[in-house]
2 protein chains.
Amino acid sequence: MNNRLFTFAGGNVGPWEVTSQLAVVGEALKNVSRVNLIAGSASILSDWELRGVTSNERYVTRMEKSKLVSIQEGLGRDSSTCAALIPIRKTPEWWALTQEERREIFEGTSTHIQIGLKYLPGVARRLHHCRDIGTKEPFDFLTWFEFAPDLCSAFDELVASLRATEEWNYIDREVDIRLERNPT
Amino acid sequence: MNNRLFTFAGGNVGPWEVTSQLAVVGEALKNVSRVNLIAGSASILSDWELRGVTSNERYVTRMEKSKLVSIQEGLGRDSSTCAALIPIRKTPEWWALTQEERREIFEGTSTHIQIGLKYLPGVARRLHHCRDIGTKEPFDFLTWFEFAPDLCSAFDELVASLRATEEWNYIDREVDIRLERNPT
């Protein structure tokens with residue numbers, strides 16, 4: 001098992017309670033009441049399982065990477081009782097672009113990294129890649145965000161900013177799942 | 001199953017007969033007499049199975065991509081009775097570099113694409129990525145090459161050129177397997 005593999009299992013068990021679930025673009029995911037985040041490949045009872053691996057960065061420059069690393073905080077903070085799981089799929093047109101063309105859209109015109117930086121360290125984030133794993137996955141990326149309840153509206157703003165970018169024209173499926181857990 | 005997933009199964013069955021098998025850097029792979037190239041995930045009797053997916057290009061510019069696409073030919077040509085399977089793994093240092101730093105080493109100083117272009121269309125090539133698949137794979141990339149017997153020494157030259165580059169300093173495991181099949 002790849003030790004960077006994670007599974008998000010949607011069903012009626014798990015520490016994260018779903019507070020809203022919305023199909024933003026394309027086909028919906030079956031509504032669930034809880035989500036479990038599992039290291040490795042899940043084989044638990046669930047309505048759906050989404051798998052992805054964390055990987056090396058694809059777009060950041062050295063300066064952007066240093067800045068991100070110096071500011072960002074990890075998952076699992078006590079105060080982070082709110083979360084979002086946003087699975088997205090990009091179009092075949094996106095994947096036919098070259099690296100430099102994708103970078104130009106990603107940061108040159110869409111300022112994806114700059115937008116994200118504004119919400120650090122409050123919003124912690126982990127990106128999972130699903131396009132190149134061996135199983136047939138319905139999405140290309142699963143992004144998991146964790147934040148404190150007072151950042152809910154800031155998070156809405158972050159997501160709205162990204163959805164207004166040129167990059168989002170290349171997204172043909174997106175689901176937005178918001179979650180809460182009990183304070184530890 | 002991801003339809004870009006392929007398995008190379010080493011054992012004593014399959015159309016490709018191993019003519020040499022060499023551990024270039026790092027740990028060897030168990031010697032086998034034949035290799036089978038299977039679409040999807042194999043569950044056949046074998047000594048080892050290496051899995052990878054074809055994916056979008058990571059380094060080529062638009063100009064390089066257009067040039068490659070216009071010249072290269074596909075696998076399975078009748079005349080291509082020789083093949084090579086070269087699995088490699090890159091170091092953690094490589095994966096900690098940013099995209100632009102990797103591109104600079106890959107093409108800026110190592111001219112990986114330029115070297116490869118010299119041997120087109122004679123040497124056909126398919127690259128499989130294994131780093132981000134869900135199973136734990138011993139290599140990061142599997143490259144499969146097919147060519148006619150009269151290109152064997154040209155292929156040796158191609159491989160020697162690549163091994164002399166700066167990029168190859170970031171490779172900590174490499175196996176070189178040469179194969180032949182009967183003419184169709």
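The legends below describe views of a predicted model with chains A and B.

**View 1. Fold of chain A.**
Chain A contains five helices and eight strands. Along the sequence these elements run in the order β-β-β-β-α-β-α-α-α-β-β-α-β. The radius of gyration of chain A is 16 Å, close to the 16 Å given by the globule rule for 184 residues, so chain A is as compact as a globular protein of that length. Taken along the principal axes, the C-alpha atoms of chain A fill a box of roughly 40 × 35 × 30 Å.

**View 2. Burial and contacts within chain A.**
Of the 184 residues in chain A, 29% count as buried. Among the contacts in chain A with a separation of 6 or more, 78% are between residues 24 or more positions apart.

**View 3. Surroundings of A:Val13.**
A:Val13 sits in the loop that lies between strand E1 (5–11) and strand E2 (16–25) of chain A. This residue has 14 C-beta neighbours inside 10 Å and therefore counts as partly exposed, since a buried residue needs 20 or more and an exposed one has 12 or fewer. Apart from neighbours within four places in sequence, the contacts of A:Val13 are A:Arg34 and A:Asn36. A:Trp168 lies 155 residues away from A:Val13 along the chain, and the C-alpha atoms of the two are separated by 32 Å.

**View 4. The side of chain B that touches chain A.**
Contact between the chains involves 26 residues of chain B and 26 residues of chain A. On the chain B side, strand E4 (48–53), helix H1 (62–71) and helix H3 (99–109) each supply at least two residues. H3(B) gives the most to this side, with three residues. By class, the residues of the side of chain B that touches chain A comprise seven nonpolar, ten polar and nine charged.

**View 5. Relation between the two chains.**
In general, two copies of a chain are related by a rotation about an axis and a shift along it.

Notes
Residues numbered from 1 in each chain as written. Chains lettered and ligands numbered in written order. Predicted model: local features only at pLDDT ≥ 70, side-chain atom pairs only at ≥ 80, totals over all residues. Contact = placed C-beta atoms within 7 Å. Helix = DSSP H or I, 4+ residues; strand = E, 2+ residues; numbered from the N terminus. Nonpolar A, V, L, I, M, F, W, Y, C, P; charged D, E, K, R; others polar. Rg over C-alpha atoms; globule rule 2.2 N^0.38 Å.
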